Amino acid sequence: MRAVQISQLDGPTAARVVDIDEPAGDGLVVIDVHAAGVAFPDVLQSRGLYQHKPEPPFVPGGEAAGVVRSAPDGAHVRAGDRVAVLTMLNGGMAQVIAVPPGQVFKLPDTVSFEAGAGLLFNDLTVLFALTTRGHLSEGGTVLVHGAAGGIGTSTLRLAGALGAAKVIAVVSSEAKAEVARAAGATDVVLADGFRGAVAELTGGRGVDLVLDPVGGDRVTDSLRSLAPGGRLLVVGFTGGDIPTVKVNRLLLNNIDVVGVGWGAWVMSHPGELERQWEVLEELLASGKVAAPQPDVFALDQAAEALAALENRTAAGKVVLRMRD
């Protein structure tokens, strides 16, 4: 089979498409992969900078979508089922993968393979962030940084269905503003001077939740943009710098800074992954939430796909099409 492989920790340019053996499927669900998600941890792993450091050569990719080739007795899926899959850390960017049944989810017929490969990490992270960690209430206001990226567009798609009345997108350019509007933003503001724009949009009250996958120097103005009792949800640091917080700011308006570590949570809470998928599947199948519209690259463009995330030129979720 063909797969993306990283043999040197030189960044996205190290990604090569190679021929390797198919995995053994004893006791596992074997899937013929049609599309594979590309995420920021894959970029970090290509440079040896992620907390999980696989030894080269390795196949990156934590999520995929395709068709079940075979499944063990008693599994909830069977041969021929369309599925979305979590490999969690590595191995997803291959034409055939084998994973435990608990990491395989039936894909609604309304969701394409490309969309299915691009929704698990981001949508489940955002669902967890807004509900379990953020306690989004009906009629609340959400602001999201990096709104044209994968986490950002997932937030714009999901927040309204989860109760938000206003979803403010923060973007770095007018081109990305169009992406944010198409994903469901009720309002769009530029990152430069976003605090003042948010104050105007909320009548000076501020927002209930700020969802931040970017980090960097925006954190202070994000805290200042919160309404009393609001929460800053820390999802990641695609901007590169990990900010610090002067905790006296938390006292002024009784605000919170909340960590959102989705992967660590589902690994330590049995049954949580299945519960989250049930909520998301219902939203997708009912049409309350539209499937994502990822930026799709061909398999041979794997290096370019990773680079698009590192350079922050990608619009929405990035996905590799694994078969012609």
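This is a predicted model: local features need pLDDT of at least 70, side-chain atom pairs count only at pLDDT 80 or more; totals for chains, interfaces and linings use all residues.
**Entry: S222**

I started with S222, which sits in helix α7, residues 219-224. Is S222 buried or exposed? I found a relative accessible area of 0% for S222, so this residue counts as buried, the cut-off being under 20%. Next I looked for a polar partner: the S222 side chain makes a polar contact with the side chain of H145, at 2.8 Å. Leaving aside residues up to four places away in sequence, S222 touches H145, F194, V210 and L232.

**Entry: the second largest pocket**

I then turned to the second largest pocket and noted a volume of about 290 Å³. Its lining has 17 residues, and T153, R157, A182, A183 and Q293 lie nearest the centre. Two elements, α4 (150-158) and α5 (174-183), each give two or more residues to this lining. Which of the elements gives the most? That is α4, with four residues. By type, I recorded eight nonpolar, seven polar and two charged residues in the lining.

**Entry: the cores**

The largest nonpolar core came next, with 52 residues. L86, L120, L130, L156, L233 and W262 have the most contacts inside it. Helix α3, residues 120-133, gives the most to this core, namely eight residues. Finally, I noted a second, separate core of 34 residues, with F58, V59, L306 and L320 among them.

Terms used
Residues are numbered from 1 along each chain as its sequence is written. Side-chain values use heavy atoms; hydrogens and water are left out. Buried means under 20% relative accessible area, exposed over 50%, partly exposed in between (1.4 Å probe, protein chains only). A polar contact is a pair of N or O atoms within 3.5 Å; within protein, one must be able to donate a hydrogen and the other to accept it, and residues adjacent in sequence count only if both atoms are side-chain atoms. Contact means heavy atoms within 4.5 Å. On a 1 Å grid over the protein atoms alone, a cavity is a set of points where a 1.4 Å probe fits but cannot get out, and a pocket is an open set with protein on both sides within 12 Å along at least five of seven lines; lining residues have an atom within 4 Å of a point. Grid points are joined across faces, edges and corners, and a volume is the space filled by probe spheres set on the points. Ala, Val, Leu, Ile, Met, Phe, Trp, Tyr, Cys and Pro count as nonpolar, Asp, Glu, Lys and Arg as charged, and the others, Gly among them, as polar. A nonpolar core is a set of buried Ala, Val, Leu, Ile, Met, Phe, Trp, Tyr and Cys residues joined through side-chain atoms within 4.5 Å.
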